[in-house]
Amino acid sequence: MPQDIVLLTALIMLAINSAGLGLSLWVAGSESATSTGQPLTSRATLLERLPLIGFNLATLLLLSLGSLHFLEGIFDWGAPAWFIAGAQLLWVSLVDDTIFYFYHRWLHLNRAVYRAIHRIHHKAHAPVPIEYIYVHPFEWMGGSAGPFLGFASLYALTGHLNAWVFLAYTAYRTIHELSIHGGRRSRIGERIWWYGTPRHHGFHHSRPHDGNYAATYIFWDRFLNTEVGGETSSPSPITSEPQSG
Ligand SMILES: [Zn+2]
């Protein structure tokens, strides 16, 4: 396997997003019950949204690979011990997801920012997987601060970055984003009290301003009292657009 961080990152992102797009076109508009009871985005609606999705994926790929081209010298290619790799993945995901929680919450609470940026993503009341990137371009650019600071802090703490850890996190993050926008329930994930599931994020899309701002570590929603849609509650009608001001 070539030890080329740019090439391998490109292959991972293209392969996972292509699979996610294919899966989304297949399930779009299906009658299957979603985790919140909302009908899935139809195939016609998804096709209308594909130009923005394609633009975001293309620019994400270009900016990510361009940045990696200049940074490739800092990666080492040794095989890390499993517990070292696990600890590093945990650290990066904690930093990334903590930043995401507060960034995402701000996108909702600042109504001017919501209307200008985040409202596009919430046109999907019950998204299909690839709609994770159906967002205003500024939204994913702002969200990139999470993984960037996760790896920058890891580099500051340890003095190096392992390429395999970076590639594993890139794959995990993309798969998790596709997964939580997938609509279907995750029986395994729902047994893990702190883990963000499609159901948890599905409630966020059906009741956008009520809560569930975390993506992976939902303990932020528990600790800060922004969790909605517990096991015993049923989804309410889609929340209306926010008041002006
Ligand atoms: Zn949101």
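Biologist: Where does Asn225 lie?
Modeller: Asn225 sits in the segment after helix 9. Helices are DSSP runs of H or I with at least four residues, strands are runs of E with at least two, and both are numbered from the N terminus. Residues are numbered from 1 along each chain, as its sequence is written. The model is predicted, so local features need pLDDT of at least 70 and side-chain atom pairs need 80 or more, while totals for chains, interfaces and linings use all residues.

Biologist: Why is Asn225 called exposed?
Modeller: Count the C-beta neighbours inside 10 Å: Asn225 has 7. The rule is 12 or fewer for exposed, 20 or more for buried, and in between for partly exposed, with C-beta atoms placed from the backbone. So Asn225 counts as exposed.

Biologist: What is the phi of Asn225?
Modeller: It is positive, about 60°, although Asn225 is not a glycine. Asn212 has a positive phi of about 60° too, and is not a glycine either.

Biologist: How do you know whether Asn212 is buried or exposed?
Modeller: Asn212 has 24 C-beta neighbours inside 10 Å, so Asn212 counts as buried. Its place is the loop between helix 8 and helix 9 (219-223).

Biologist: What makes helix 8 mostly covered?
Modeller: Helix 8 spans residues 198-206, and nine of its nine residues are buried. Among them are Pro198, Phe203 and Ser206. These buried residues pack against helix 7.

Biologist: Why is His125 called partly exposed?
Modeller: His125 has 18 other C-beta atoms within 10 Å, so the in-between class applies. His125 belongs to the loop between helix 4 (111-116) and helix 5 (137-143). Leu40 is 85 residues away along the chain, yet the two C-alpha atoms are 7.7 Å apart.

Biologist: Which class does Leu61 get, and why?
Modeller: Leu61 has 15 C-beta neighbours inside 10 Å, so Leu61 is partly exposed. Leu61 is part of helix 2.

Biologist: Which residues does Leu61 contact, leaving aside neighbours within four places in sequence?
Modeller: Leu61 contacts Ala10 and Met13. Contact means that the C-beta atoms, placed from the backbone, lie within 7 Å. From Leu61 to Met13 it is 48 residues in sequence but 7.7 Å in space, C-alpha to C-alpha.

Biologist: Which elements do the buried residues of helix 1 pack against?
Modeller: They pack against helix 2 (43-71), strand 1 (75-76) and helix 7. Ile5, Asn17 and Leu21 are among the buried residues.

Biologist: Why are helix 1 and helix 7 called roughly parallel?
Modeller: Helix 1 (residues 5-27) and helix 7 (residues 163-180) pack at about 15°, with axes 10 Å apart. Axes are lines fitted to C-alpha atoms over the stretch in contact, and angles run from 0 to 180 degrees between N-to-C directions. Under 35 degrees is roughly parallel, over 145 roughly antiparallel, 65 to 115 roughly perpendicular, and the rest oblique. Therefore helix 1 and helix 7 are roughly parallel. By class, their contact has ten nonpolar, five polar and no charged residues. Nonpolar means Ala, Val, Leu, Ile, Met, Phe, Trp, Tyr, Cys and Pro; charged means Asp, Glu, Lys and Arg; the others, Gly among them, are polar.

Biologist: What makes helix 3 oblique to helix 6?
Modeller: The axes of helix 3 (residues 82-109) and helix 6 (residues 145-158) come within 8 Å and cross at roughly 140°. That angle makes helix 3 oblique to helix 6. Trp91 and Phe100 of helix 3 are among the contact residues, as are Pro147 and Leu154 of helix 6. The contact divides into ten nonpolar, four polar and one charged residue.

Biologist: How many helices and strands does the protein have?
Modeller: It has nine helices and two strands. Of its 245 residues, 33% count as buried.

Key: Contact = placed C-beta atoms within 7 Å.
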